Amino acid sequence: MPGFELFGAEEKKEVQDVLDNGVLMRYGFDGNRNGHYKALELEKDFASKMQTKHAQVVSSGTAALTVALASAGIGAGDEVIMPTFTFVASFEAILSVGAVPVLCDIDDTLTLNPKAVESTITSKTKAVMPVHMCGSMADLKALKNICEKHNLLLVEDACQAIGGTYEGKPLGSYGDIGCFSFDYVKTITCGEGGALITNSDSYADNAHKYQDHGHDHIGSDRGAETHPFLGYNYRLSELNAAVGIAQLRKLDHTIKLQKRNYTILREALQEIPEISFRRVPESGVESYAFLNIFLPSATTAKKGHTVLGAHQVDACFYWFDNNWHYYKKWEHLLEQKSLGKLSIEQQDGLIKNRRSFPDSDIWMGRTISCLIKVGWSEEQVKERASKMVEALQSVFQKNTVS
Ligand SMILES: *Cc1c(COP(=O)(O)O)cnc(C)c1O
């Protein structure tokens, strides 16, 4: 997944353009910038790549989620349904607009189970936020139907699945708004950064203003612009945007390499009858950022993860035990450890999350996710594949003996 593996001359050239004129900010200073508007250029390129009408770049993926929710008018006390398996950014963004993150079970797609979503909806629910974790997607069609039926916003978190598709459309472009991260470990990176995409003129217009203190961006005198509503600063700098432009051009190449490496590993692991693979919804195509496998039980998965480590197979994750990606370790959320006081609505709403999610535990307990790197040569991947097979087979051999 990491775009930093492909950092090189193209990125340096784009950054040099910015350094040569010294305008590090995306707005204003028109006379000094020698025609370079890197953030704007990245937005145009990104909207075109994602086949949406609009793209708004911002300072991070977390900012993209926050701006997405704010732009659609999600605010105090509104409930947003999100999965138990994601990165903490999901609930951070929801909380930061004053809303309440409501956790919901996942299924064998490793993201929101549509049936569980439907039973989580209340009169306060305003949005559903599926997270396309580890390179593959939620059952978007089912989720869209639910959202349409209940008049809810569908916000796709595609931070870990850029380059994947659903019904032939780029992930992130299927719902009302899609969000991406370009942080240092994502498929394309600009150091820190993110973007949201949408076909809605009004969400795009709101986002453009909101991420820049509410500036209306009318006229050429920034100081004379008015502020139609309250905003914030989630702007992306020209330096970061410059890196993003070069990285985006490499996206297809990156996905191709991920797919090659993923396929070699998957075909090798298919030889082990006890191993199965994460379900990819019909009409979905992964980004191949990770290979996600199921072992028969939590015990064998845990053992498998340990054995992989002992065989020097790095970058394999057992998310079930992870502090940042699974609800079991989010005691700061569940116990409401906030620096400042949370609103009464948030305090009341968050209590809902203090329950068990048995289906999530079953699927995550069985899951090992292996990061796919693009820098591996075919030889290296094959070597890795045989190490993985040897390691994982040993789990089951030991089982039959004991
Ligand atoms: C990385 C990530 C984010 C947040 O992105 P940042 O740019 O690090 O703020 C949000 N959601 C998911 C699923 C992510 O992996």
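Student: How do the residues lining the largest pocket divide by class?
Tutor: Ala, Val, Leu, Ile, Met, Phe, Trp, Tyr, Cys and Pro count as nonpolar, Asp, Glu, Lys and Arg as charged, and the others, Gly among them, as polar. Here the lining has 11 charged, eight polar and eight nonpolar residues. This is a predicted model, where local features need pLDDT of at least 70 and side-chain atom pairs 80 or more, while totals for chains, interfaces and linings use all residues. Residues are numbered from 1 along each chain, and side-chain values use heavy atoms, without hydrogens or water.

Student: What volume does the largest pocket have, and which residues are closest to its centre?
Tutor: A pocket is an open set of points on a 1 Å grid where a 1.4 Å probe fits, with protein on both sides within 12 Å along at least five of seven lines; lining residues have an atom within 4 Å of a point. Volume is the space filled by probe spheres on points joined across faces, edges and corners. The largest pocket holds about 490 Å³. Arg26, Tyr27, Leu40, His208 and His217 are the closest to its centre, out of 27 lining residues. Helices H2 (38–49) and H7 (201–210) and strands E1 (54–58) and E9 (194–198) each give two or more; helices (at least four residues) and strands (at least two) are DSSP runs. H2 gives the largest share, five residues.

Student: How is the second largest pocket lined?
Tutor: Its volume is about 380 Å³. Gln160, Asp183, Val185, Lys186 and His325 are the closest to its centre among 25 lining residues. The lining counts 13 nonpolar, eight polar and four charged residues.
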